[in-house]
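Got your viewer open and your selection tool ready? Load the model below and follow along.

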Amino acid sequence: MHVDGRWVRWQRGRARKIGGYRGIFLNASQISRGMIMQSQSGINYVYSGSASYLEQWQVDDDDGVGAGPTNITLNNFTVSTENLWQFDVGFDANGTNTLQIIAHPGNNLLHIDNAINTPVLTGTFPGGALSAVGTFTLTGNITAGTTIVIAVADYRIGIGQTVTTPTYIPTGVTVSNVVVSGGTTTVTTAGPAMTVQAGVSIKFDNNIAVSGGAVMLYPYMFVYGNNGLLQNCAAGDFTNWVSSDSNSNNVSATKIVKGMALRGGTTSPAGLFWSLDSLIRVTYAPQTVGTETLYWRYDTISGQSSILSSQSVIEYDGIIYWCGVDRFLAYNGVVQEIVNDVNINYFFDNLNYAQRQKVWVAKIPRWGEIWWFYPKGDATECTDAIILNVRDKVWYDAGEALGARRSAGTFSEVFRNPIWAGNTVDSAGKYALWQHETGVNEVFLTNVNAVESYFETNSLGWVTGGPGVKAPVGENRYIRLERIEPDFVQQGEMSVVVTGKGYADDTDQPSDPYTFDSTTLKIDMREQRREMRLRFTSNTFNGTYQQGCLLLSVDLGDERSTGNP
């Protein structure tokens, strides 16, 4: 049992220092507000969205060596400090016939319920420019004052659909009317008299703009937002939103803020969608009703649920985990609360709710961990992380370590290490991308710093039952510690501080540090406390440790406590 720690994880009930991190790129233009990483041909492409940019870096499959950033061209994009990005990747087989990066920069950073619609963007992966999904361009010979008739099927325009006023070339030509009826689109142009001009383009937009985000339920792209909106394209065709298997429904009274693919068995594809107060499952289940075919089934799994942040949902081995406004939840066929009797109050009592949308989640499968990063106290950026070890079913936290000051990240799939974005600016006005679980130090440029890690035991004492017993035995005596036999697989020097107090509400009395290394067999001392705790610390260059079985030599100490009787 332990009561405190920093940058330490527990494996099989034993303390182990969390790995180090290396600044692989120190040149991000702004704080990252969303990331995705996708691999192709031995290269991992890391995308990071911010208030003003979408930047891309390239790293190899092994050690994070690469180049970047490349500034991705964005069309139909508005710069905003409230931009919070959601990403996915899908193959547009029947549209562009290319692998596409899907991105939605929503105005959601400050308010999860923001109702402003912004375009969903797609572009060829990797490196292609991103434009609003559901657009097409007519190119031909256009004369001012003439009427152009377009076949609806050629441009994925639905009968009765509203079409925005197109952009136009040449200057002086304006579009005065757009009518969608009878399988044709009629465009009437107006302007000064001019001759026929070849190669002139008119661009149409199918208005695929939402406030929530976008997700792939292969081979369908779903977009979502206000008033429970769920809308999907045709199978494998991001340009087609009016086919028979595309759909648009409002499945909740509140905004849909997050979507995630779900294993669906015989009803695949399937997905989960979180509204502000409910959880909805969507499954592909075609059935004919009269003369109409219904392709999708919408089920409300829970109408009394919550979600803290649209960035707080993650899948781990087929189970979906997320953070609600006052508890942690999981979905594995049904919604269940994740029991946390360790630090749930620590998290929710210290969370800066005004910055709740900056809470984001990552996982480290190597250690069986899910990390929720959050702004603590009055911090406006993430300063700490609460950690669920799903393998050992234990909770702990990062202890406000420097390595928890991250704003977004990706987790290991093809690339074996997590890449997380720093949220502190350097002297050049840039931000770093950190490769975590790498070595044991903090490394950036030529600077190498030790990473502090410590853990502190629970109270040891005769009144608490002795060092190896949890139940009190009633012996109201001090505990005298005379020797510690350290048992660590360690590198570098460590120290132990004996602390504790005479009464439960008394002031701690820490000792001077006792240092030891891997060759130390015993640490002799004469320390006594009525309620004693031991804090073991590693804070040296190349320092790390794994705890073994520590042995203590203790005896009965004084009968009376110090302080006020």
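This is a predicted model: local features need pLDDT of at least 70, side-chain atom pairs count only at pLDDT 80 or more; totals for chains, interfaces and linings use all residues.

Residues are numbered from 1 along each chain as its sequence is written, and side-chain values use heavy atoms, with hydrogens and water left out.

**Stop one: the sheet.** Select β37, β38, β39, β4, β40 and β41, and you have 6 strands that form an open, mixed sheet in that order. (Strands are DSSP runs of E, at least two residues, numbered from the N terminus; two of them pair if DSSP finds at least two bridges between them.) β37 (406-410) and β41 (447-449) are at the edges with a single partner strand each, so one side of each has no neighbour in the sheet. From one strand to the next, the twist averages 25 degrees. Now zoom in on β4 (residues 21-28) and β40 (residues 442-444): they run parallel, joined by 2 bridges. Tyr-21 sits opposite Glu-442 there.

**Stop two: the largest pocket.** Select Ile-36, Phe-87, Lys-258, Met-260 and Phe-411, the closest to the pocket's centre among its 47 lining residues. The volume is about 1,200 Å³. (A pocket is an open set of points on a 1 Å grid with protein on both sides within 12 Å along at least five of seven lines; lining residues have an atom within 4 Å of a point.) Which strand gives the largest share of the lining? Colour β9, which supplies 6 residues. β37 from the sheet is also one of the elements giving two or more residues, as is β21. The lining as a whole splits into 25 nonpolar, 14 polar and 8 charged residues.

Ala-214 faces Val-223 across the pair.

**Last stop: the cavity.** The structure holds 1 cavity of 30 Å³ or more (a set of points where a 1.4 Å probe fits but cannot get out). Select its lining, including Gln-86, Ser-211, Gly-212 and Lys-255. That lining divides into 2 nonpolar, 6 polar and 1 charged.

Methods
Helices (H or I, at least four residues) and strands (E, at least two) are DSSP runs, numbered from the N terminus. Axes are lines fitted to C-alpha atoms, for helices over the stretch in contact, and angles run from 0 to 180 degrees between N-to-C directions. Grid points are joined across faces, edges and corners, and a volume is the space filled by probe spheres set on the points. Ala, Val, Leu, Ile, Met, Phe, Trp, Tyr, Cys and Pro count as nonpolar, Asp, Glu, Lys and Arg as charged, and the others, Gly among them, as polar.
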